[in-house]
Amino acid sequence: MEQKEDLVFPIEDALEMILMFDRGGKISYANAAARQKLGYESNLCGRNIWDIFPGSFSAGKDGFETECLIGKEHQNLLAYRKNLTCFPVEARIVKEDVCTGIYICMANDILEKEFLGREIDRIRQEAQQAMKVKSEFVANVTHELRTPVNGVLGNVRELLSGGTDEATEKSLRLVERCCDDMNKIINNILDFSKLEAGKFTLEPRKFHFRNMLDYVKANHINKITEKGLGFFMTVSPQIPEYVIGDELRIVQILNNLLSNAQKFTSWGKITMEAVRTAQVNDRIELFFIVSDTGIGIDTGDRDKLFQSFSQVDASISRKYGGTGLGLNICKQLVELMGGRIEVESEKNRGSTFSFSVWVGTCDSGEAALQQPDDVKGASLRMAAMEGPPEEGGENSENIRKYGTQENKENLKKTLSKLILSVEMENWEKAEMFVETIRQLTEEAPREVKRSALRLKMAIQKENYEKVTAEFKELNDFL
């Protein structure tokens with residue numbers, strides 16, 4: 001008797017409903033959870049199992065009849081309370097003993113689970129609808145914005161082609177540049193919206209790989225070299241002449257990385273490499289590396305780079321501009337093309353962005369004869385070399401440290417380029433050079449830093465007399 005009680009009490013206290021019934025369908029035991037959930041106090045024993053599960057059990061000649069599975073399988077049933085209301089349960093029915101013919105039903109109330117499931121489905125549908133509405137809104141707004149911007153841009157270019165006086169042309173060039181910047185922002189927002197909504201599709205086609213790189217080089221070479229930076233581009237001879245991929249999106253990624261490199265680099269060089277790293281059947285992996293000697297990134301801030309609307313800190317957005325969408329879009333585009341993007345960087349020591357994409361080959365037989373390159377030791381063919389040659393022995397840290405030989409040489413070179421730009425009344429380029437001077441004098445004595453700041457203010461106001469005076473003062477310090 002004591003042994004029976006030891007077995008009964010744990011069952012009695014179980015959280016799930018437990019019912020025992022015989023072959024005739026008579027219930028012989030119901031634990032506390034079953035009595036409480038079904039609304040019976042003590043008179044549940046002696047009732048029939050089809051009183052509890054009328055949709056699953058019924059009376060037959062030789063006992064109960066059921067289509068329920070008897071064994072370890074879980075199944076969803078409807079249990080009826082004493083007041084004839086019902087609720088869903090997840091039940092398992094087992095036969096305890098073949099001789100005695102005792103059956104045990106273990107059931108869990110899943111009413112709350114089903115309710116939460118419906119709520120999750122409802123919230124998911126609402127979120128999908130909200131995403132659809134947002135995507136349509138962004139598409140409509142960007143289209144509406146692009147129309148007037150392009151209208152302004154067209155009229156400005158028409159006025160420029162007709163010939164204007166110097167002051168008017170300068171204003172029109174500023175408007176033209178602003179319109180181009182606005183179009184870039186609109187395109188970024190539209191791409192981001194499509195990617196978030198999962199409606200972005202790649203458009204692979206056959207294209208000439210080196211012609212694509214020439215186009216990328218042509219887009220950036222002037223701005224990079226005008227800033228006094230070296231620009232070096234190499235491409236592996238192992239890459240086929242023609243490949244199959246989304247040329248437009250590969251160009252978009254390279255343009256973004258090179259634009260960032262140019263934006264955040266004031267001295268030194270920018271390099272770009274393209275190599276082949278792997279081949280599977282008629283598909284090859286292309287690996288691109290874009291390096292600069294710019295401001296760099298702290299190790300702890302790298303994770304922020306590829307997040308939406310994120311930049312390393314607020315001062316970067318104020319100083320250099322940008323929406324914080326470019327690298328996030330690059331990351332999603334790279335992943336759509338089966339690759340990944342990574343960054344290696346150190347504060348004040350430059351950055352190296354690398355990414356891979358998979359493309360198709362047009363002649364698999366020819367490609368199969370070529371062995372994949374080694375990323376570190378590939379024999380690379382120089383595709384383009386622009387800008388001043390590298391200066392041996394100098395590094396970013398010595399250039400930035402005021403008073404070093406490298407720092408003085410770079411300051412003198414930049415000041416010479418600045419005053420030449422001022423003499424040619426190219427104030428935009430002069431402002432770019434004075435920002436480099438400000439960075440080169442960050443560790444300088446107070447009077448030097450003040451002189452550099454006054455020079456920057458004079459250039460922003462386009463005051464020739466003050467610029468020449470501040471230029472002479474800063475040159476005397478050096």
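Predicted model: local features only at pLDDT ≥ 70, side-chain atom pairs only at ≥ 80, totals over all residues.
Q: Which residues is Phe209 in contact with, leaving aside its neighbours within four places in sequence?
A: Phe209 is in contact with Val235, Ile239, Pro240, Glu241, Val243, Ala274, Leu286 and Phe288.

Q: Why is Thr414 called buried?
A: Buried means under 20% relative accessible area. Thr414 has a relative accessible area of 9%, and is therefore buried. This residue, Thr414, is found in helix α12 (residues 405–423).

Q: What is Thr414 in contact with, leaving aside its neighbours within four places in sequence?
A: The contacts of Thr414 beyond those neighbours are Phe433, Thr436, Ile437 and Leu440.

Q: Why is Asp191 called buried?
A: The cut-off for buried is under 20% relative accessible area. The value for Asp191 is 9%, so Asp191 is buried. Asp191 is found in helix α5 (residues 166–197).

Q: What makes Ile329 a contact of Asp191?
A: Contact means heavy atoms within 4.5 Å. Leaving aside neighbours within four places in sequence, Asp191 is in contact with Phe200, Arg249, Gln252 and Ile329. The C-alpha atoms of Asp191 and Ile329 are separated by 7.2 Å, and the two residues are 138 residues apart along the chain.

Notes
Residues numbered from 1 in each chain as written. Heavy atoms only, no water. Helix = DSSP H or I, 4+ residues; strand = E, 2+ residues; numbered from the N terminus. Buried < 20%, exposed > 50% of the residue type's maximum accessible area, 1.4 Å probe, protein only.
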